[in-house]
Amino acid sequence: MLHDLGIVGQIYVGVFALSGLVCVAAIGRARKFQDPDVRRGLVGLLATAGGWALLRAAGFLLPDPFRVPAYIVGLAIGFATVWAWLYFCSAYSGRTYHRNTSLRRVSAAVFLVVVSIKVTNPVHGAYFTARHVSTPFAHLAVEHNVLHWTATGLSYVLSAVGLFMVFQLFFESEYDTRPLSALSVLIGLPVAFDITAQFTPLLINIIYAPIGVAVFAVGVLFVFERRFLAVQQASLGDDLSIYLDERGRIRDYSPTAREVLPELDESTGDRLAEAVPSVVEALESDDQILERERSGERRYYFVSTSTTTLGDTGAQIVLLSDVTRTERQRRQLAEREAEINEQNELYRGVIDVSFGFVFRIDEGGRFTFASPSVEEFLGYSPAELEGQPVSVTLPNEATVERAWNEIEPIFDGERNMVRDFPLETKAGTTVFTDVRGVPIYNGNVPDDERTTEDIVGIQLMVRDATNRREREGLISVINRVLRHNMRNKMGVIIGYAEMLESRLGGEDAEKATRIRDTADQLLDLTESARRLEEYRELSPELEPVDIVPMLEDTVSELRIQYPEASVTIDAPDTAVVNAHDRLKTALWEVVENAAKHGGDPPVVEIDVTVTETGATIAVRDDGPGLPEMERDVLRSNVETPLVHGEGLGLWLVHWIVTSLDGELETTAGDEGTTVAIRLPNAS
């Protein structure tokens, strides 16, 4: 049969048979590719193209009755080659079209429709007509009709889509892909033979596509297999790659890898450790990070390895992943962590100096943190307290209730300070402490966006109040004893002085009067001391206060006690400031001092001025002026054996005004003294 075909027929049989055998043989090498989709697509392409080519060769050798059926089967298999090619191109280029369920269903429908038309051609004859001819050799001459060219046109378009995906990948890989591009063109080159056969008798009218697939298979799987895999690997991401053989020698590298590592230039065949030792050092380091200069800036690469198969041999791929952004962030976090640790040490130092110990509690009232110094004070180790309710350190139920009353405002976003709060030690002893509480907010919420819903706990800073309580208790006892004895003794002195004043005359009566006045001053001093101690215990919380009614009440009382004084007040209808009821005591001390030490008769002028920031109360008298020593005491807020005032009245005024976040200023001249009290606006 082969002899009857002649030289030309034998050439056709040989070319198609060889193409089919090459495709079938290449299937074994295609199975070695690791990507399952690429491998599946390439095996499908080779299998369908090989089967198609072998059927073409068999078609020339089969007897006449079998040639048309063989041709029809070949057409069906040949059309399957198009879909295998598309599957391969999608997987090889890193796309996912081959996995798209909708596309796969549409493709299957198109394939079945076209194949059904081809298979039923003997019935309708619309796809092709065939007749046996003897020139240039005995074969089945096929005349293709419109349906054939429609299906063939669709095949060409789909094949071109696949070629576009491959060429785009080649272009983006930055490899020298000219050989691969030429091979890809060969898979479509037989189209030119198909068209030429329509116009010249030198070629028989038969589809030559299997030959192109065979040439493509030989090129990518036998000649350029290493480069073919390298391009596909490069498409998986932005990794820079170096390909090593089984002996650790450099076989290839991506162009971008050479840009980062100029040492790779002309290093093919060299061992990696000799060509680029920095890469090997990075691989052996703990973080596997390589630092390099690229485009004038410091960049960081994560160096890793993977294994693959190139033909019959194993190979290793060294991948350099650009992790500059992540590494910079990591290093910044590391620096920030070091700064935080340093700040924490400073914070702990401040806490140790300023407070005895620190607690943190959650919203349920359980300890989440206790500083180490708590053990020295309460006897509990931090580990013993963490997770326990706050009640474990409180002596009784009343204290627990008081604790929650003080804690609740902090969960509403306020700060709180509690003096003389009792705690119970592990041994059962009650100790007293001063406690400052502040809310702890979720650190992920910006400061300007925080609300009470973002409070996750409370920090309590605790100081031992034992020594202060003992000291203040002693001072309080001494003050009470002194005041009590002072009042009693001064009462006796004043009584005798008044008796002498009424019985004596002349210079002796004046002396008795001076004794009585001095005793009165000492009684005033004890009263000022009593008020200082009384106000010390008052809450420091301020509230909006209208000072105009307070001033009017003070002036009314002054007119009753000092009817000879001329008192005027110039004030607006209202003047609201941040203050406390104890301001009335300060106002009385100032206006009474003006009435006592004014002219004869005394003239007292009171002006109230309201500004954007607050209000100023100015009290002027027409007396000889405040002694310089008294002004020095108020300016320095210090009393020494050489600098001291005559009483506690102005000290009391100074203490009250400053406790209200206000300012006190005194000016004296030939025409009298002015005392100005400045208080801030109500917030």
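This is a predicted model: local features need pLDDT of at least 70, side-chain atom pairs count only at pLDDT 80 or more; totals for chains, interfaces and linings use all residues.
Residues are numbered from 1 along each chain as its sequence is written, and side-chain values use heavy atoms, leaving out hydrogens and water.

Now switch to a cartoon view. You'll find 23 helices and 19 strands; these are DSSP runs (H or I, at least four residues, for helices; E, at least two, for strands), numbered from the N terminus.

Next, go inside. A search of the whole structure finds two cavities of 30 Å³ or more. A cavity here is a set of points on a 1 Å grid over the protein atoms alone where a 1.4 Å probe fits but cannot get out, and its volume is the space filled by probe spheres set on the points. The largest cavity holds about 230 Å³. Select A403, I407, F421, V435 and L460: of the 18 lining residues (those with an atom within 4 Å of a point), these are the closest to its centre. Then colour α17 (397-411), β10 (416-424), β11 (430-441) and β12 (455-464), the elements that each give two or more residues to that lining.

Last stop: helix α21, residues 583-596. It's mostly covered, with 11 of its 14 residues buried, including W588, E589 and E592.

Note on methods: On a 1 Å grid over the protein atoms alone, a cavity is a set of points where a 1.4 Å probe fits but cannot get out, and a pocket is an open set with protein on both sides within 12 Å along at least five of seven lines; lining residues have an atom within 4 Å of a point. The expected span of a helix is 1.5 Å times one less than its number of residues. Buried means under 20% relative accessible area, exposed over 50%, partly exposed in between (1.4 Å probe, protein chains only).
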